[in-house]
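Trainee: I am new to this structure. Please show me how to read it, one feature at a time.

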Amino acid sequence: MERLPDHIRDAAYGWRALLADGPLPAEAQAKFDAWLASDPRHAAALARAEALWRELGSLDRADLDAAWIDEPAPQVRVAPARPRRRSATRFGLVPSLALVGTLFAAVFWWASPAERGLGWPWSGSPRTLSTAHAEVTTTALSDGTRVTLGGASELEIAFDRQHRRLRLLSGEAYFEVAHDADRPFEVTAGATQARALGTAFEMRRRGERTVVAVAEGIVGVGDGQSSLDRGVRLNPGQRVIVSDRRGAGDLAHVRVESVGAWRRGRLVFTNATLADVVADASRYHDRPVVLADPDLGALQVTASFRAEDIDALLAGLTEMFPVRIDRSGDATRILARD
């Protein structure tokens, strides 16, 4: 395993402590993104910080030095050493006093909730990420995974020492999963379950249905009727739609570049229902979009539109189908043409 420079290693532990507190402020998130992208070794350092953090999870507070983290720069300072009840060598750490101090500092950050107002990071208590209409945000999780949420989306996250579990409550999410063979990455949405180790895929929640599409790697999908071990396996460029009531449908092929295209401001629909198109349009429009006639919902749509120009999408629908747009009232309604 390549030895990382001390400054990269120490920065990784500082960032890991800050990220575990939840989404970073915009300025700090920008600095983290720049740091992560500036050197391929930074992602590896963050992954190692996560692994060692788990190894130190059973430390007692009496084992730790008082320490604090200076923000916004993720540099860890360690107070003068005090006698400890246990030797650091008991934990098999590398013989670097600076690294030992940094690791203890990072763990202590979470070991004093009364002083910090925080909880122990491996409690399993979920935290929630959410976005407003037309908002797209990317968040780096404590394990190095990057999650991008689309407009009007909500995601619960509950990590512990054995699991990385998430639940998509609404909207859409794109996951760039950090590899961790000891902790599979599992996302649920309704009755749908998806599992990956290190890959990139998206999930969209639409009423009682969930769409899973893969851009990189392999993702296992269960549907509530069959377990993940007996479910379908998606390769890059494959998609499946899972109904909470009827289970998984047939696999379909999609262009890899279309998976998560909404992150780049494009709404791409391949044999989607009009009901799904309207649901997506509503999450990116400045006012609700409603399909007033449910019988229109099953119409098939294959098209691509800019997320910032929902009015163009609506105009396109009137050319493709016998529908009209009614903008009176507090919602934009799609009606059958007279």
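Predicted model: local features only at pLDDT ≥ 70, side-chain atom pairs only at ≥ 80, totals over all residues.

Trainee: What share of the residues is buried?

Mentor: A residue counts as buried under 20% relative accessible area. Of the 338 residues in the protein, 49% are buried. The protein exposes about 16000 Å². Carbon and sulfur atoms supply 50% of that area.

Trainee: Now a helix. How far does helix 2 reach?

Mentor: Compare the span with the expected one. Helix 2 covers residues 26-38, which makes 13 residues. From first C-alpha to last, helix 2 reaches 18 Å. That is close to the 18 Å expected at 1.5 Å a residue.

Trainee: Which residues of helix 2 are buried?

Mentor: They are A28, Q29, F32, W35 and L36. These residues sit on the same side of helix 2, because they cover an arc of only 125° around the axis. On the other side, A26, E27, A37 and S38 are exposed.

Trainee: Next, charged pairs. What should I look for?

Mentor: Side chains of opposite charge can pair when their charged atoms come close. This structure holds 22 salt bridges. One joins the side chains of R165 and E186, at 3.8 Å from N to O. R165 is in strand 7 (residues 164-176), and E186 is in strand 8 (residues 185-189). The two are 21 residues apart, and the pair links distant parts of the chain.

Trainee: Where do D280 and R206 lie?

Mentor: Their side chains meet in a salt bridge of 2.8 Å, N to O. D280 lies in helix 6 (residues 274-284) and R206 in strand 10 (residues 200-206), so the pair ties together parts 74 residues apart in sequence. Both D280 and R206 are buried.

Trainee: How far apart are the closest N and O atoms of R255 and E257?

Mentor: They are 3.1 Å apart, and R255 forms a salt bridge with E257. R255 is partly exposed at 49% relative accessibility. E257 is partly exposed as well, at 49%.

Trainee: Which residues do salt bridges with shared partners join into one network?

Mentor: The network consists of E172, E202, R204, R206, R209, D276, D280 and R283. Find R206 and D280 among those names.

Trainee: Last, a single residue. Where is T192, and is it buried or exposed?

Mentor: Start with its element, then check its cover. T192 is in strand 9 (residues 192-196). At 0% relative accessibility, T192 counts as buried.

Trainee: What does the side chain of T192 make a polar contact with?

Mentor: With the side chain of T210, at 3.5 Å. Now set aside the neighbours of T192 within four places in sequence. T192 is then in contact with V187, M203, T210, V212, V221, G222, V242 and D244.

Notes. Residues numbered from 1 in each chain as written. Heavy atoms only, no water. Helix = DSSP H or I, 4+ residues; strand = E, 2+ residues; numbered from the N terminus. Expected span 1.5 Å × (residues − 1). Buried < 20%, exposed > 50% of the residue type's maximum accessible area, 1.4 Å probe, protein only. Arc of directions from axis to C-beta. Salt bridge = Lys/Arg side-chain N within 4 Å of Asp/Glu carboxyl O. Polar contact = N/O pair within 3.5 Å; in protein donor to acceptor, adjacent residues only side chain to side chain. Contact = heavy atoms within 4.5 Å. Areas by Shrake-Rupley, 256 points an atom, 1.4 Å probe, with all protein chains shown as cover.
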